[in-house]
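Open the model in your viewer and keep the selection tool at hand. Here is a short tour, stop by stop.

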Amino acid sequence: MYGKRLGVFLLLAVVSRALPSAAQPPAKQPALPPINPAVARLDQTFTGLDGPGLAIAHSEALGAVAAACEDGTVQFWHKDTLFGARSGSGSANVLRGHDGPVTGLAWNGGPVLAAAGPGKILLWAVADGKLLHTLPADKLVRALAMSPDGKLLASAGDDPTIQLWDVEAGKPAATLRDHTDWVLCLEFSPDGKLLASGGHDGLVRLWGVADGKKVRDVPAAPVPPPKVAPDPVTFLSLAFSPDGKLLALGGTDGQVRLVNVADGKLVRALTGHTSAVAGLAFHPAGKVLASAGKDRTVRLWDATTGAALKTLEGHTAWVQGGVFFARGTRLASVGADRTVRVWDLTDPAKK
């Protein structure tokens, strides 16, 4: 009897060690480093792009930033280059496979990077540059988004539909239909439950990812000056706040709108850009929002008050997008001037 009880005890001990404890809290993430947007400044400029830059993405885990180029390549830089430890203006790595402009990138930060171009979407294993899947596209894909868990990819472009894909299998999943014109921007919510879409029809829609059904339209009407009739807006960029409560919208009228995800109501409009807003990115802490404009500027905003914090100048052509990286201490922007520029958001070191 004693031996039987001892065997049961040992079995339970092994099982308890193998299974995670339900009562055990998740590991607490370390606090993000402090930033000071008011002193943000240019730190690095990379000029080796193969054609104008059209999109940008990054992986915090891999310490890499990738740029999509009009002449058919994806180029990416690792941390040592991004921080200036290794010199050189060219690209450290180049992915070749498209026969025309690379019009979109999607990267959840994991091992797979998605790149869109004429007639196909390519899924790459970034670590070794291996092509995993080629997804056929019967239209020009202009927007990509990858779910936070990396399992789903959404694509859209020159028609009103949105296609979901199983990333691991490289196979199509659901097709979402309700837009009436081209869809130009896509973004998954941080919890992966919602997909936002916008484009030429002037509407932003929220979709339930689990069932593929539309949750609501976001009535993102322009905020014109008094007595000025609003012009139709084409939406080009979207970004969810890290807590998933706000959605930022950027379009051809140069305004950035912040709306409540819960009800779709406008919270505030941020004005300052003099041309279309092509890219949006929230700082991982959620308070700072970066917007990339075709007026050749990147602007930093206080998302909680709407205050303009800093205008970053240096690009000599349209700025197509931006991403925060290095735990929010740096911002990388890509432009039609064939450059990727890295901006330092930390206080300068005291001499």
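This is a predicted model: local features need pLDDT of at least 70, side-chain atom pairs count only at pLDDT 80 or more; totals for chains, interfaces and linings use all residues.

**Stop 1: the largest nonpolar core.** Select Ala 66, Val 74, Leu 105, Trp 107 and Leu 113. Of the 16 residues in this core, these touch the most other members. Now colour the strands E2 (53–59), E3 (64–69), E4 (73–78), E6 (104–107), E7 (112–117) and E8 (120–125). Each supplies at least two residues of the core. E3 gives the most, with three residues.

Zoom in on Leu 105. Leaving out residues up to four places away in sequence, its contacts include Ala 55, Ile 56, Val 74, Leu 113 and Leu 144.

Stop 2: Select strand E14, residues 183–188. Five of its six residues are buried, so the strand is largely enclosed by the rest of the structure. Leu 186 has Ser 197 in E15 as its bridge partner. Five residues sit between the strands, and Gly 192 takes a positive phi near 75° in this hairpin.

**Stop 3: a loop.** Go to Thr 316, between strand E25 (308–313) and strand E26 (319–325). Is Thr 316 buried or exposed? Its relative accessibility is 52%, so Thr 316 counts as exposed. Beyond residues up to four places away in sequence, Thr 316 touches Arg 296 and Asp 337. Finally, check a distance: the C-alpha atoms of Thr 316 and Asp 295 are 9.3 Å apart, with the two residues 21 apart along the chain.

Definitions and conventions
Residues are numbered from 1 along each chain as its sequence is written. Side-chain values use heavy atoms; hydrogens and water are left out. Helices (H or I, at least four residues) and strands (E, at least two) are DSSP runs, numbered from the N terminus. Buried means under 20% relative accessible area, exposed over 50%, partly exposed in between (1.4 Å probe, protein chains only). Contact means heavy atoms within 4.5 Å. A nonpolar core is a set of buried Ala, Val, Leu, Ile, Met, Phe, Trp, Tyr and Cys residues joined through side-chain atoms within 4.5 Å. Two strands pair if DSSP finds at least two bridges between them.
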